[in-house]
Amino acid sequence: MVILGLVFSSVVPDHNVYWIFSINVLVQFLDVYTNFICIAFTFRNFIPWYNRVCGLCDNKCKQCCSSMFMSESLAGMHDQIEMSDSPGSSGSDEDNIEITI
């Protein structure tokens, strides 16, 4: 790859082509490397490494998602309770909702 950059830089008098090509190769290498690391972290053998590298962010994301889920599910339950307690409800056992947290 670097050889092609040297060939292009000798053919084209502007030396920016070499630097652009070199940066492109570097970015592609980093892309492949990060993809490899991400795939490796999905295997059980790499769980300790995953926790070292991504543990803090992973815990915060889990907390955020669980709090969003809990607030949405509680809001939905609150709406269902208001509907069952409305004056037009039949009052049967089927309309009652038991909430456990």
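How far apart are D58 and K62 in helix α3, counted in residues and in helical turns? They are four residues apart in helix α3, residues 47-84, and that is about one helical turn. I will come back to that pair.

First, the ground rules. This is a predicted model, where local features need pLDDT of at least 70, side-chain atom pairs count only at pLDDT 80 or more, and totals for chains, interfaces and linings use all residues. Residues are numbered from 1 along each chain as its sequence is written, and side-chain values use heavy atoms, with hydrogens and water left out.

Now, confidence. pLDDT is the predictor's confidence in each residue, from 0 to 100. The protein averages 76, and 55% of the residues score at least 70. Among the elements, helix α1, residues 2-11, has the lowest mean pLDDT, at 57. Helix α2 has the highest, at 89. Where pLDDT is low, the predicted coordinates should not be read in detail.

Next, the overall layout. The protein has three helices and zero strands. Along the sequence the pattern reads α-α-α. Both kinds of element are DSSP runs, numbered from the N terminus: helices are H or I with at least four residues, strands are E with at least two.

How much of the protein is buried? Buried residues make up 8% of the 101 residues. Buried means under 20% relative accessible area, exposed means over 50%, and partly exposed lies in between, with a 1.4 Å probe and protein chains only. The protein exposes about 8,800 Å², and carbon and sulfur atoms supply 66% of that. Accessible areas come from the Shrake-Rupley method with a 1.4 Å probe; for residues, only the protein chains shown count as cover.

On to the rings. A pair of aromatic rings is described by the distance of the centres and the angle of the planes. Rings of Phe, Tyr and Trp (its six-membered ring) pair if their centres lie within 6.5 Å; planes under 30 degrees apart are stacked, over 60 edge-to-face, and the rest tilted. How many aromatic pairs does this rule give? The count is two.

One is F29 with Y33, a stacked pair, 6.3 Å centre to centre with 15 degrees between the planes. Both residues lie in helix α2, residues 16-40, four residues apart, about one turn of the helix. F29 is exposed, at 53% relative accessibility. Y33 is partly exposed, at 46%.

The other is F41 with Y50: their ring centres are 5.8 Å apart and their planes stand at 75 degrees, so this pair is edge-to-face. F41 sits in the loop between α2 and α3. Is F41 buried or exposed? At 18% relative accessibility, F41 is buried. Y50 is partly exposed, at 27%.

F41 also lets us compare sequence with space. F41 and C54 are 13 residues apart in sequence, and their C-alpha atoms are 9.7 Å apart. C54 is in helix α3. It is partly exposed, with a relative accessible area of 24%.

Back to helix α2 and its surface. L26, F29, L30 and Y33 make a nonpolar surface patch of about 430 Å². Patches use residues with over 30% relative accessible area and no salt bridge; like charges are joined within 9 Å, nonpolar side chains (Val, Leu, Ile, Met, Phe, Trp, Tyr) within 5 Å. L26 lies in helix α2. L26 is partly exposed, at 47%.

Last, charges. Side chains of opposite charge can pair when their charged atoms come close. A salt bridge is a side-chain nitrogen of Lys or Arg within 4 Å of a carboxyl oxygen of Asp or Glu. The whole structure has one salt bridge. D58 and K62 form a salt bridge at 3.2 Å, N to O. K62 is exposed, at 53%. That closes the opening question.
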